Amino acid sequence: MQFIKSIFNPIIAVLKFINNYFKAMLFLLIVFVVFTPKGELNTPNLVQIDIKGAIFSADEILSQLEEARIDENIKGVLLNIDSPGGALSPSVELAEQVKRLSQSKPVVAYAAGNMTSGSYYAGVNANKIIANKGSMIGSIGVIMQVPNISELATKIGISEQVVKAGEYKEMGTYTRTWSKLEKDALQEIANRSYELFITDVASARNLEISRANEWANARVFLANDALNVGLIDDIGGYYDARSQLEILAQVDKAEWKQTPQIEKFFKKLTEQGANAIISALFPIIK
């Protein structure tokens with residue numbers, strides 16, 4: 001009996017293991033099936049980089065652009081842009097990196113929704129800009145906006161004490177009305193920033209600065225009007241932009257770099273969670 005038991009012990013142990021860990025094994029199998037790339041794996045030669053939402057930091061996108069630039073297998077880059085803009089500095093940083101990238105391989109910028117203000121700046125150095133006909137383009141301008149809560153502070157009995165060195169150190173405060181000196185200094189910054197913006201756009205798009213009021217001045221254009229003033233090169237859809245890049249990149253067979261399925265899954269999960277929170281805090285008024 002002991003002999004027979006010793007023979008079946010390993011089998012019993014395996015069956016016990018399967019019984020105890022079956023759910024975990026099934027889960028891992030599903031994950032493997034879902035997230036394993038399908039079909040033959042080919043070396044990607046084209047890549048899409050998204051610029052979505054407000055631009056307050058450029059770090060992640062800069063890394064993607066540089067990775068595409070130094071990857072010898074990548075022959076072209078599609079910038080998929082849907083952003084209202086953002087801060088000046090990261091927008092300029094992206095513009096410079098796109099310019100650097102476009103000098104070594106073709107870059108097509110696609111305006112999927114908004115390509116305005118800082119996001120237009122970010123993509124202006126692409127070799128070609130294509131927009132769908134319902135997209136908003138331009139808003140080439142600069143704004144510096146700070147609330148003035150001095151009246152509120154007075155009502156609730158809050159006052160401030162300030163010790164400073166340097167006449168302009170308190171410039172931009174929101175606790176009181178700005179002095180004329182401060183307003184003039186901030187206006188000068190805005191003017192110089194605007195000058196930088198229109199100079200770079202004029203250079204990238206071969207436009208005349210003397211006619212900046214026609215294509216800049218913070219105006220927002222629909223795609224057809226943006227085409228007429230020279231802010232974009234063509235009107236088309238997402239797959240038109242992809243096709244244009246494939247032509248410019250001169251690849252025999254387009255192999256687009258795919259985002260790993262698991263990354264897409266968690267990104268979608270995060271976006272759904274964020275949208276749920278936003279919907280709960282800020283109900284949509286219909």
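A salt bridge is a side-chain nitrogen of Lys or Arg within 4 Å of a carboxyl oxygen of Asp or Glu. By that rule, the structure I am presenting today holds ten salt bridges. It is a predicted model, in which local features need pLDDT of at least 70 and side-chain atom pairs count only at pLDDT 80 or more, while totals for chains, interfaces and linings use all residues. Residues are numbered from 1 along each chain as its sequence is written, and side-chain values use heavy atoms, with hydrogens and water left out.

Let me begin with confidence. The term pLDDT denotes the predictor's confidence in each residue, from 0 to 100. The chain averages 85, and 76% of the residues score at least 70. Over residues 277-286, however, pLDDT stays under 50, and this stretch has zero contacts beyond four places in sequence; contact here means heavy atoms within 4.5 Å.

I return now to the charged side chains. In general, side chains of opposite charge can pair when their charged atoms come close. Arg 176 forms a salt bridge with Glu 170 at 3.4 Å, N to O, and another with Glu 182 at 2.8 Å. Are these residues buried or exposed? For these words, buried means under 20% relative accessible area, exposed over 50%, and partly exposed in between, using a 1.4 Å probe and protein chains only. Glu 170, at 15%, is buried, and so is Glu 182, at 4%. Arg 176 is partly exposed, with 24%. Elsewhere, Arg 211 and Glu 214 meet in a salt bridge of 3.0 Å, N to O. Arg 211 has 42% relative accessibility and is partly exposed, as is Glu 214 with 39%. Salt bridges that share partners also join Lys 164, Glu 170, Arg 176 and Glu 182 into one network.

Next, the strands and helices. Both are DSSP runs numbered from the N terminus: helices are H or I with at least four residues, and strands are E with at least two. Two strands pair if DSSP finds at least two bridges between them. Strand S1, residues 46-52, pairs with strand S2, residues 76-83, in the parallel sense over seven bridges. Within this pairing, Ile 49 stands opposite Leu 79 in S2. Together with helix H2, residues 59-70, S1 and S2 make a right-handed β-α-β unit. Right-handed means that, with the strands pointing away from the viewer, the path from the first strand over the helix to the second runs clockwise.

What of the interior? A nonpolar core is a set of buried Ala, Val, Leu, Ile, Met, Phe, Trp, Tyr and Cys residues joined through side-chain atoms within 4.5 Å. The largest has 43 residues, and those with the most contacts inside it are Trp 215 and Leu 231. Beyond its neighbours within four places in sequence, Leu 231 is in contact with several residues, among them Tyr 120, Ile 140, Trp 215 and Phe 221. A second, separate core of ten residues includes Leu 78, Val 108, Tyr 110 and Trp 256.

Finally, I turn to the backbone. Most residues other than glycine have a negative phi. Which value does Asn 217 have? Its phi is near 60°, which is positive. Ala 218 likewise has a positive phi, of about 65°. Asn 217 lies in the loop between helix H7 (212-215) and strand S6 (220-222), and Ala 218 is found in the loop between H7 and S6 as well. Asn 217 is partly exposed, at 44%, and Ala 218 is partly exposed, at 42%.
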